[in-house]
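I opened this notebook to record, in order, what I looked up in the structure.

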Amino acid sequence: MDSGVSSPEKQDKENLVGINSKRLGVCGWILLTLSFLLMIITFPISIWMCLKIVKEYERAVVFRLGRIQADKAKGPGLILILPCIDVFVKVDLRTVTCNIPPQEILTRDSVTTQVDGVVYYRIYSAVSAVANVNDVHQATFLLAQTTLRNVLGTQTLSQILSGREEIAHSIQTLLDDATELWGIHVARVEIKDVRIPVQLQRSMAAEAEATREARAKVLAAEGEMNASKSLKSASMVLAESPVALQLRYLQTLTTVATEKNSTIVFPLPMNILEGIGGISYDNSKKVPSA
């Protein structure tokens with residue numbers, strides 16, 4: 001990364017020729033002069049070999065005599081590469097998708113599970129990505145696998161299933177800190193799938209079903225209790241006004257009649273039935289005495 005602000009003269013010199021005078025010795029200046037002479041002698045054929053096009057999403061890290069030519073990568077646009085002494089490496093700055101294959105993990109509560117994920121990252125410093133690591137993409141891929149196993153190994157199965165976002169954010173923070181020297185910025189980490197054994201799935205399903213049944217029974221009992229309280233209040237109100245009971249009776253008959261039923265049941269008060277039963281009992285006692 002370019003940590004300082006260089007002078008305009010130095011920037012113009014680096015952009016036009018791409019040299020750093022502090023890093024060139026006597027032999028370097030001699031080779032540089034010979035390279036310029038070779039380019040002039042073979043002009044205009046050499047110009048097509050020395051001019052390189054760098055795309056908008058790419059940067060070019062130029063090595064002159066084996067050393068990085070500038071603290072900042074070149075591009076986009078046209079860059080000048082001197083023959084025989086310059087070598088350049090193109091670096092893609094677009095976001096890269098890294099698929100983490102399923103990792104077999106032993107959780108903290110001794111449950112074996114397989115977890116896979118995806119990592120989104122991009123290179124923000126082309127010089128660091130080329131100079132500090134051999135293969136930046138392979139290194140990031142292996143580090144993502146190791147970090148995923150290490151983080152999930154400290155969590156229980158229930159924490160993995162319920163706290164994916166927190167775990168993904170923790171993995172992203174660890175990866176971003178570890179790859180900062182490589183010029184990598186980890187944009188996002190996602191856990192795609194958590195696979196658990198079939199027997200454990202059945203046990204969890206049975207536990208969830210039992211929990212739902214218990215909750216349903218509790219809700220049904222609470223509903224019956226509330227209904228009984230409401231019926232008690234309604235009976236007290238109806239007991240205070242016999243006319244209201246008669247109106248309720250007529251309303252019930254109206255509701256039954258609108259349903260096109262062939263049989264209508266007329267409820268009778270219990271006191272009427274008791275009176276009829278008492279009369280028949282008295283008559284049966286008087287007949288033998290007569």
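**Entry 1: cysteines**

How many disulfides does the structure hold? I found zero disulfides, taking a disulfide as a pair of cysteine sulfur atoms within 2.5 Å. I then looked up the accessibility of two cysteines.

**Entry 2: the source**

I note that this is a predicted model, in which local features need pLDDT of at least 70 and side-chain atom pairs count only at pLDDT 80 or more, while totals for chains, interfaces and linings use all residues. Residues are numbered from 1 along each chain as its sequence is written, and side-chain values use heavy atoms, with hydrogens and water left out.

**Entry 3: the chain as a whole**

I looked up the secondary structure next. The protein chain has 10 helices and eight strands; helices (H or I, at least four residues) and strands (E, at least two) are DSSP runs, numbered from the N terminus. The protein chain has 290 residues, and 27% of them count as buried. Its accessible surface comes to about 19,700 Å², and carbon and sulfur atoms hold 60% of that area; such areas come from the Shrake-Rupley method with a 1.4 Å probe, and for residues only the protein chains shown count as cover.

I also checked contacts, meaning heavy atoms within 4.5 Å. Of the contacts in the protein chain with a separation of 6 or more, 67% are between residues 24 or more positions apart.

**Entry 4: an annotated span**

Which residues does UniProt list for "transmembrane region"? The unreviewed entry gives residues 29-51. UniProt positions are given in the numbering used here, feature names are shortened, and annotations may be inferred rather than shown by experiment. In the model, residues 29-51 are 83% helix and 4% strand, and the end C-alpha atoms of the span lie 21 Å apart.

**Entry 5: rings**

I searched for aromatic pairs, in which ring centres of Phe, Tyr and Trp (its six-membered ring) lie within 6.5 Å. The count came to zero aromatic pairs. I did find a charge over a ring, which requires NZ of Lys or CZ of Arg within 6 Å of the ring centre and within 35 degrees of the ring normal. Arg94 lies over the face of Tyr57, at 3.8 Å from the ring centre.

I turned to Val130, which belongs to helix H4 (residues 126-131). Is Val130 buried or partly exposed? Val130 is partly exposed, because its relative accessible area is 22%. Leaving aside neighbours within four places in sequence, Val130 is in contact with Val61, Phe63, Val89 and Val91. Val61 is 69 residues from Val130 along the chain, and their C-alpha atoms are separated by 7.7 Å.

I then looked up two residues of helix H5 (residues 136-152), the one that holds Thr147. Thr147 counts as buried at 9% relative accessibility. Its contacts, with neighbours within four places in sequence left aside, are Ile171, Leu174 and Leu175. Gln145 also lies in helix H5 and is buried, with a relative accessible area of 13%. With neighbours within four places again left aside, Gln145 is in contact with Ile100, Pro101 and Gln103.

**Entry 6: loops and backbone**

Most residues other than glycine have a negative phi, and most peptide bonds are trans. I therefore recorded the following departures from that rule.

- The peptide bond from Gly75 to Pro76 is cis, with omega near -5°; Pro76 lies in the loop between strand S3 (67-68) and strand S4 (77-80).
- Leu65 has a positive phi, near 55°. Leu65 sits in the loop between strand S2 (58-64) and S3 and is partly exposed, with a relative accessible area of 38%.
- Ser110 has a positive phi of about 60° and is not a glycine. Ser110 lies in the loop between strand S6 (96-106) and strand S7 (112-123) and counts as exposed at 59% relative accessibility.

Lastly, I looked up Asp71, in the loop between S3 and S4. Asp71 is partly exposed, with a relative accessible area of 40%. The C-alpha atoms of Asp71 and Ser128 are separated by 9.6 Å, and the two residues are 57 residues apart along the chain.

Methods: Phe/Tyr/Trp six-rings, centres within 6.5 Å; stacked < 30°, edge-to-face > 60°. Buried < 20%, exposed > 50% of the residue type's maximum accessible area, 1.4 Å probe, protein only.
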